[in-house]
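Please open the structure in your viewer and keep the selection panel at hand. The stops below say what to select next and what is there.

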Amino acid sequence: MKVPFLDVGATYKELSKDVDEAIARVLHSGWYVLGPELESFERDFAAFVGANHCIGVANGLDALEIGLRALEVGPGDEVIVPSNTYIATWLAVSAVGAIPVPVEPRRDTHNIDPSLIERAITKRTKAILPVHLYGQPAELKPILEIAARHGVRVIEDAAQAHGSEYDGRLIGGHGDVVAWSFYPGKNLGGLGDGGAVTSNDPDIADRAKVIRNYGSRIKYVNDVRGMNSRLDPIQAAILRVKLSHLEEWNERRTKIADYYASSIDNPYVVKPALAPRTRSAWHLYVISTANRSSLEAHLSQRGISTLIHYPIPPFLQQAYGNCGYDPTKYPIAVKLAKEVLSIPIGPHLTMEQAAWTANSINSWSPI
Ligand SMILES: *Cc1c(COP(=O)(O)O)cnc(C)c1O
């Protein structure tokens, strides 16, 4: 049996009629940048995640950068980031001239450890940037409390958390700013790049909106040195169609995650752990083992595709090679990068494929 890691094309095929219609509507409208289609999606997405404002931007990295700029984070400021995350989280901090200050994750949830944040805060700390890694929400309650105590902002990287819940409320309305990606493989993904910023604060939202459009409110009048980072109306129209299926698709992911949780039973494999108050959107199902390459080969022989999120932590990347990060200070991130393995999950994975995957994991032994 072939088990693809994620069948992105299947998401289009399931909705092709509605998606084609949505695209045609934009093509015939003659309105190809900003405009009503984008505004409709922004309203829909803000309402869905429970935020007052949504600003559609070009991609998730820009969403993070624009979010940081809207919080007035700039050169010389420090931003607390997880030591283990996709590099985009760090790159956005660097893009505004600020310094990423890594904090280790908890070994069980892989999300930033709130008990380690306070000691990383200095006079220069401007914001905390938790990531809801794999769709599992970071522990926002203690993080927001620490931020309030120290007068720093919270910007969330929600690129993997469309539909995830914390404390009974969807991710999107908790922190000062929430950054989203609509990269095709995300739980809510376009047919190309896309991203958004959500916020409940009208001033932050207003700054983000100005920054994404050349720093301009009135054409040819530029208040700040902005960017050109606007969510394409064609992608906005596609995303409106897909948004109406997100809950159902996340339920399918949850069914697979629940199945894996109850059926994977191998003493050499650690399954994901969720923090209290959280509900994951199951963007990824990440197991770990000390003998990863052997498990990878075993699954690959049985037609099962896996991926590693992520093999090299940002502080070990050449991109940050001259910044003086000492890897011995981040042993958990180093260890996770060696041991994590993402197994297939997605709205179009069949239960037969999930069963074959679970059985194959159970039949593996490193010795
Ligand atoms: C995908 C992703 C991003 C970046 O999104 P793009 O749209 O690819 O720029 C940022 N952070 C995390 C955690 C992601 O998974």
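## Starting at the surface

Select Leu-27 to begin: with a relative accessibility of 44%, Leu-27 counts as partly exposed, a class that lies between buried (under 20% relative accessible area) and exposed (over 50%), with a 1.4 Å probe and protein chains only. The model is a predicted one, in which local features need pLDDT of at least 70 and side-chain atom pairs count only at pLDDT 80 or more, while totals for chains, interfaces and linings use all residues. Residues are numbered from 1 along each chain as its sequence is written, and side-chain values use heavy atoms, with hydrogens and water left out.

Leu-27 belongs to helix H1 (residues 8-29); helices (H or I, at least four residues) and strands (E, at least two) are DSSP runs, numbered from the N terminus.

## Into the core

Next, select Leu-68, Val-73 and Val-79, which touch the most other members of the largest nonpolar core, a set of 34 residues. A nonpolar core is a set of buried Ala, Val, Leu, Ile, Met, Phe, Trp, Tyr and Cys residues joined through side-chain atoms within 4.5 Å. Elements that each supply at least two residues of this core include strand E1 (53-57), helix H3 (60-70), strand E2 (78-82) and helix H4 (87-95), and H3 gives the most, with five residues.

Centre the view on Leu-68: leaving aside neighbours within four places in sequence, Leu-68 is in contact (heavy atoms within 4.5 Å) with Val-73, Val-79, Ala-92, Val-93, Val-96 and Ile-155. Apart from this core lies another, of 24 residues, among them Cys-54, Leu-188, Leu-239 and Leu-243.

Now colour H4, whose buried residues are Ile-87, Ala-88, Thr-89, Trp-90, Ala-92 and Val-93. These buried residues pack against H3, E2, strand E3 (99-103) and strand E5 (153-157). After H4 comes Gly-97, with a positive phi near 85°.

## Strands and their partners

Select E1, which is largely enclosed by the rest of the structure because four of its five residues are buried. E1 pairs with strand E9 (residues 195-199) in the antiparallel sense over five bridges, where two strands count as paired if DSSP finds at least two bridges between them. Within this pairing, Cys-54 stands opposite Thr-198 in E9.

Move on to the open sheet of three strands, in the order E7-E6-E12, with antiparallel pairing. Strand E7 (169-170) and strand E12 (278-279) stand at the edges with a single partner strand each, so one side of each is left without a neighbour in the sheet. Strand E6 (residues 165-166) is joined to E12 by two bridges, and Tyr-166 stands opposite Thr-278 in E12.

## Backbone details in the loops

Which residues does a cis peptide bond join? His-309 and Tyr-310 are joined in this way, with omega about 10°, and Tyr-310 is placed in the loop between helix H8 (292-301) and H9.

Tyr-220 is exposed, with a relative accessible area of 72%.

## Charged pairs

Finally, show the salt bridges, each a side-chain nitrogen of Lys or Arg within 4 Å of a carboxyl oxygen of Asp or Glu; the count comes to 18. One of them joins the side chains of Glu-37 and Arg-240 at 2.8 Å, N to O. Glu-37 lies in helix H2 (residues 36-49) and Arg-240 in helix H7 (residues 233-263), so the pair ties together parts that are 203 residues apart in sequence. Glu-37 is buried at 12% relative accessible area, whereas Arg-240 is partly exposed at 28%.

In helix H5 (residues 140-150), select Glu-145 and Lys-141, which lie four residues apart, about one turn of the helix; their side chains meet in a salt bridge of 3.2 Å, N to O. To end the tour, select Arg-25, Glu-37, Asp-44 and Arg-240, which salt bridges with shared partners join into one network.
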